[in-house]
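Please look over the chain below and read the report alongside its sequence and coordinates.

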Amino acid sequence: MQNRLEKTLDETRKIYVSGNESFRDFCDFTLSIITWNLLSDARISPPNFKNTTSDKYNFTSVLKTLSHNAVNIHSTINEALHYWNNLLQNQQKYGLALLKWDDAITENLPGNSWKLILQLWGKFFSIFPSDNRDILCEFWEYIERYFVAAYNNENAYLTPVALISTMTQYLRGEEKNISIYDPYARTGNLLAGAQHIVPGVQEIVGMSSTRLSWKLATIRLLFTGVQSNIHLSNSSKIDVNNDTFDMILSNPPYGDSRDSISISVKDQHLATIIQKTKRLEVLFLSHMLDKLSDDGRAAILLPSVFLTGSSSVKSLMAYILYRNILDVVVELPQGLFERTAIAPVLFCLNKKRKKDKNIILINATNEMFKSGRQLYLNEKTLTAWLQQIQDGSIPNEKNIIKVAPNEVVTADYNFYKLLHLQEKEDNGERKPVAQLLVEGEQIQNNLVLVQREIAVLIQNYNN
């Protein structure tokens, strides 16, 4: 499938791009062609979606109509797309932009070029097993990678597939009629992973910051072979009214710039915290805590400042620990993302935690393998560990420890220190965290004394 898809995309691009059109325009145009094909396929229609007329506007019917020379190609295609857009608007509330493209560009596309492009995609979809969920997921993953050059920088850091599987594993459960939310959905890959892996997902809500990413996210969620109600918006203002969600899954943006994004937080404690910082990850995490239901769970990727107890996140960490929400922390390997060397940390949150339950810390920095120049997460091992933790048992691994919330506070919210100081003794037992912290400070003090002695020896030698 991948080879045929790549060939179809490459040939479409050669026909479409004449030198003036941008790659982003090509991606927008191609997504509309793909959506038109998929809407015409009754096997994978969106939930409650009905084609209310004859097959006149189906992709294959229009392709046959275009074989007649007397037909006005542009008006015929525009009429068909207008029909499907109106149908989506009336039945699904997705707006008229889902199949829309730049008319100024397509009007200049010669009729013969139109025919060639439609024939290419007609041939591709004629043998495409669109009712196979696994192949549909692979299809969207490849489309996402092919289009990556068209995204802006903040959308380019796409979450690796293995990491999506790991995050969704934590959310798996027996719940039904689940609502799931991502305030920074990018291309929809995390939400699509949840839709595909987590049973019982009924409603999906998300925000995408650019029109192209919103379009790709919406289309891929509509056509994954899973029936869910989809509500995605394209806006820099993140606001979902008073709604809360059963599950939250997200890879939010990191950094200091928040001028272009507006996020609502109703909890007064969280509102106070975000007023004191410009860190985007603090803003987004505060918003997600605010939107997680009273018995909800979340899997969120965050920067390493949350692992090391940076001063910029301590107030928020104190809030999370006081409310006993933090369940699992996973230190991830560096180099998993294709376009950045960042080493994120996975925070798993659970508002149903028992009061006396420990927090599980996992050092997964060695759980990766290399293929070519890219590093990949060893998802089988990590998902197995998370499954054991969900079942109530702690894997007997040296890289997995449990700590009480008060021990995290004693460590000044430094999970990295807890993970890397707490080693097994020769007898197989672990020292208490408090004792390890004291020993660590003693080692640091001794090191300072040694450094001073060396400095004195060097000075005496020079004199």
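Predicted model: local features only at pLDDT ≥ 70, side-chain atom pairs only at ≥ 80, totals over all residues.

Val450 is partly exposed, because its relative accessible area of 40% lies between the 20% under which a residue counts as buried and the 50% over which a residue counts as exposed. Together with Ile454 and Ile458, Val450 forms a nonpolar patch on the surface, and the three residues have about 250 Å² of accessible area together.

## The nine-stranded sheet

Nine strands with mixed pairing make up an open sheet, in which the order is E3-E2-E1-E5-E7-E9-E8-E10-E13. Its edges are strand E3 (229-234) and strand E13 (400-403), each of which pairs on one side only. On average, and with direction ignored, neighbouring strands of this sheet are turned by 15° against each other.

Within the sheet, strand E7 (residues 292-302) pairs with strand E9 (residues 345-350) in the antiparallel sense, over six bridges, and Ile300 stands opposite Phe347 in E9. Helix H11 (residues 211-222) packs on the sheet, where it touches strand E2 (201-208) and E3, and the direction of H11 makes about 175° with that of E3.

## The chain as a whole

The secondary structure of the protein chain comprises 19 helices and 13 strands, and of its 463 residues 51% are buried. Of the contacts between residues at least 6 apart in sequence, 74% join residues that are at least 24 apart. The protein chain exposes about 21,900 Å², of which carbon and sulfur atoms supply 46%.

Note on methods. Residues numbered from 1 in each chain as written. Heavy atoms only, no water. Patch = residues over 30% accessible without salt bridge, like charges linked within 9 Å, V, L, I, M, F, W, Y side chains within 5 Å. Areas by Shrake-Rupley, 256 points an atom, 1.4 Å probe, with all protein chains shown as cover. Salt bridge = Lys/Arg side-chain N within 4 Å of Asp/Glu carboxyl O. Buried < 20%, exposed > 50% of the residue type's maximum accessible area, 1.4 Å probe, protein only. Pairing = 2+ DSSP bridges. Helix = DSSP H or I, 4+ residues; strand = E, 2+ residues; numbered from the N terminus. Axes fitted to C-alpha atoms, helices over the stretch in contact; angles between N-to-C directions. Contact = heavy atoms within 4.5 Å.
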